[in-house]
Amino acid sequence: YGSRGIDGEPKHATSRLYHPLIEKTVDTEAQDEDLSAGERLKRIAKYRRKVRIPTMVDVLRQPQNVWEIVEFGLDREEYAVQAVAEAFVQLQQQTTHPVLVVVDAWNECFPCSEYVSIRYDNTRFHGYIPGYHLSMPRALHRWDGHKFRRGLKICATSWQKFKRRAYRPELLGVKDHEVRTVRNFTQQEFANY
């Protein structure tokens, strides 16, 4: 518990985002104060130790179970993304209960969303945020079923909304023996009785 930052990513990965800023700051200080290479490295290390990633551990010290983490995320919207990430980490590590994660329309995690951001201007996304950068698709799109110690993750693709794309699972880390194709069912087989 506590391995994820507020954005749902591992804390060490989030803290690395600050490394270029720290190095730029220390380079400026090194020029002003005429620091040696060794002193520069010590100052970079000192500043990196001071980086503190906000996390729900500061507020929810020791949850008794996964449901407590989920409830915390439901009650406090600012921690919702981290609560989802922490819940998945806990479900992957536990060995008491069987876990089944089912993701339908998995392929919809990958196209661009309808949301726009300045951050994505002048990129191949033309201002739109890719689906896998949004918080919930980011939590579900990974091909990580092997990480569940006592569980299974099933991902299904669906082509109802869009034309069938040239689906290449190997680009997403899916091996040939992990792919199963289900025949097309009739409307009668899908009917609700």
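R142 counts as partly exposed because its relative accessibility is 33%; buried means under 20% relative accessible area, exposed over 50%, and partly exposed in between, with a 1.4 Å probe and protein chains only. The side chain of R142 meets that of E9 in a salt bridge of 3.2 Å, N to O. A salt bridge is a side-chain nitrogen of Lys or Arg within 4 Å of a carboxyl oxygen of Asp or Glu.

E9 also forms a salt bridge with R138, and here the closest N and O atoms are 3.1 Å apart. This pair joins distant parts of the chain, with R138 in helix α6 (residues 135–140) and E9 in the segment before α1 (11–16), 129 residues apart. Helices (H or I, at least four residues) and strands (E, at least two) are DSSP runs, numbered from the N terminus. R138 is buried, because its relative accessible area is 19%. Across the whole structure, a search finds eight salt bridges.

## Basis of the model

The model is predicted: local features need pLDDT of at least 70, side-chain atom pairs count only at pLDDT 80 or more, and totals for chains, interfaces and linings use all residues. Residues are numbered from 1 along each chain as its sequence is written, and side-chain values use heavy atoms, with hydrogens and water left out.

## Helices α2 and α3

Two packed helices are described by the angle between their axes and the distance between the axes. For helix α2 (residues 19–33) and helix α3 (residues 37–50), the axes come within 10 Å and cross at roughly 140°. Axes are lines fitted to C-alpha atoms, for helices over the stretch in contact, and angles run from 0 to 180 degrees between N-to-C directions. α2 and α3 are therefore oblique to each other; angles under 35 degrees count as roughly parallel, over 145 as roughly antiparallel, 65 to 115 as roughly perpendicular and the rest as oblique.

The contact (heavy atoms within 4.5 Å) involves H19, I22, E23, T25, V26, D27, E29 and E33 of α2 and R40, R43, I44, Y47 and R48 of α3. These residues divide into four nonpolar, two polar and seven charged. Ala, Val, Leu, Ile, Met, Phe, Trp, Tyr, Cys and Pro count as nonpolar, Asp, Glu, Lys and Arg as charged, and the others, Gly among them, as polar. The side chains of E29 and R43 meet in a salt bridge of 2.9 Å, N to O. E29 lies in helix α2 and R43 in helix α3, so the pair ties together parts that are 14 residues apart in sequence.

## Helices α4 and α5

The axes of helix α4 (residues 66–75) and α5 come within 8 Å and cross at roughly 165°. α4 and α5 are therefore roughly antiparallel to each other. In this pair, V66, I69, V70 and G73 of α4 meet A80, A83, E86, A87, Q90 and L91 of α5. By class, the contact has seven nonpolar, two polar and one charged residues.

Q90 lies in helix α5 (residues 80–93) and counts as buried because its relative accessibility is 19%. Not counting residues up to four places away in sequence, Q90 touches Y1, V66 and I69.

## S135 and V81

S135 is placed in helix α6. S135 and V81 are 54 residues apart in sequence and 6.3 Å apart in space, C-alpha to C-alpha.
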